[in-house]
Amino acid sequence: MEPPLIRDWPGPLDVGGLAADSVEQARRAVERVAGLRGIDAEVGTSAALIVGAFDAIGHLRIDGRPAPGWAPLSGFVEAADGWVRLHGNFPHHAEAIRASLQVGGPEELAAAVSRLPAAQVEERVQAVGGIATVVRSPAQWEQHPHHRATCDVPWHRVLPGAERRVLGAAQDVPLQGVRVLDLTRVIAGPVCSQLLGCLGSEVLRIDPPHCPELLEHHLSTGMGKRSAQLDLGKHLDVLHEHLLPGADVVLLGYRPGSLDRFGLAPAGLAQRFPHLVIGSLSAWGEHGPWGSTAGFDSIVQAATGIASVCGGEDGRPGALPVQALDHSSGYLLAARVIDLLADARGGRVHVNLLGAARELLRRAVPERADGDALREDDTAQAGNAIDAGAGGAGPDSGGAGPATVDLDTPHGRVRTVPVPLTLDGAPISGPIAEYGTARPHWDGGASGAVPPSVTG
């Protein structure tokens with residue numbers, strides 16, 4: 001099966017191709033594991049499902065209300081010699097921006113940044129744990145020390161490990177009986193674990209009580225999971241004596257090195273639990289000057305030249321129509337994890353958003369049926385295909401919006417989109433549990449035991 005051709009997103013880069021190819025990788029992996037487990041079902045996808053899934057946050061409705069947009073201190077800000085992009089959606093990142101630049105709200109931020117070189121803004125914010133980058137052109141990024149240190153690092157890397165149990169016959173769902181411990185946040189990792197959960201895995205997501213996930217992210221990527229809060233500093237025994245021994249898959253999505261003190265360094269984890277399939281997700285890769293630096297899709301876009309390429313004639317930087325680096329990396333991670341499960345091997349899968357950015361920048365704009373390239377000036381003809389925050393019909397969708405699913409959840413009536421795969425033509429979705437209230441144990445207890453109820 002060839003990946004579907006997606007024309008819905010105008011712009012200078014082939015976002016549709018990147019999206020379709022990553023979902024196709026996941027589709028093939030699911031098709032393979034389903035066949036190995038005796039499930040006679042056609043695994044499919046479609047352009048409409050992919051377009052909807054890649055803008056899940058834009059289509060999310062909570063009791064009829066759209067998800068909140070960018071926080072006041074997030075976005076592009078003009079500096080004395082260029083532009084910077086800041087990310088302040090999480091409270092601690094917003095506080096880092098305020099503290100490092102001595103500002104309060106957006107107006108003070110704009111005034112302060114306008115007086116500073118962009119590189120100095122980046123340095124100040126990053127020095128206190130905030131998220132900021134200079135908006136660079138592709139050529140400027142190629143001169144950056146981190147690019148030079150990581151230019152040969154692939155988008156994804158698989159390190160097969162020891163033999164593990166063979167997945168036996170299953171009924172109805174391809175990943176029945178697979179346990180996934182989800183230690184990821186925001187979009188890419190949760191997209192991966194949501195797909196695994198909707199395909200039958202038992203997914204347990206763990207978050208720290210002191211830094212909860214944004215509710216809109218939980219609701220837009222939370223189908224098919226249970227959600228628990230656990231302070232690993234106080235309850236490390238729950239992790240190592242109950243959760244890890246009983247897991248089949250562990251997904252890690254925090255800043256590289258930040259979880260090492262809890263025994264969650266990928267290499268060490270693989271040595272202690274060789275049966276595990278370990279998915280390790282990072283923004284910038286795991287070495288180089290920014291190897292231990294946090295990052296988000298929008299920040300990687302700005303640093304690597306995507307924002308510059310997508311910018312307007314007035315010099316203001318732009319952005320991709322969806323968080324394509326996150327979503328494509330999430331589906332690629334899911335594909336490689338499922339491959340190892342199908343191979344009955346433990347091992348590690350390393351995926352980074354920087355690799356997705358490089359892949360996208362290498363892709364030519366696809367041609368339309370009339371032979372002309374689909375470029376940014378086609379936006380009007382595309383009819384605002386997927387309006388961030390609103391949703392809509394794309395030019396190839398026949399006027400119909402994306403498929404949606406309405407779910408009653410503890411957080412209200414939620415309208416979201418299914419994952420971008422089908423089984424025998426039927427869309428795949430799952431329930432959304434209440435955030436942070438599940439007990440941190442496997443159904444029936446890992447290794448035959450049920451740990452105590454701990455969340456703080």
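Which strands does helix H15 (residues 324-342) lie across?

**View 1. Helix H15 lies across S7, S11, S12 and strand S13 (345-352).** This is a predicted model, in which local features need pLDDT of at least 70, side-chain atom pairs count only at pLDDT 80 or more, and totals for chains, interfaces and linings use all residues. Residues are numbered from 1 along each chain as its sequence is written, and side-chain values use heavy atoms, leaving out hydrogens and water. H15 runs at about 165° to S13 (angles run from 0 to 180 degrees between N-to-C directions, with axes fitted to C-alpha atoms, for helices over the stretch in contact). Helices (H or I, at least four residues) and strands (E, at least two) are DSSP runs, numbered from the N terminus.

**View 2. Here is the open sheet, with 7 strands in mixed pairing.** Their order is S7-S13-S12-S11-S8-S9-S10; two strands pair if DSSP finds at least two bridges between them. Strand S7 (156-163) and strand S10 (225-229) are the edges, each pairing on one side only. From one strand to the next, the twist averages 15°.

**View 3. Helix H13 (residues 297-304) packs with helix H16 (residues 353-362).** Their axes are 10 Å apart, at an angle of about 50°. Asp297, Val300 and Thr304 of H13 make the contact with Leu353, Leu354, Ala357 and Leu361 of H16 (contact means heavy atoms within 4.5 Å).
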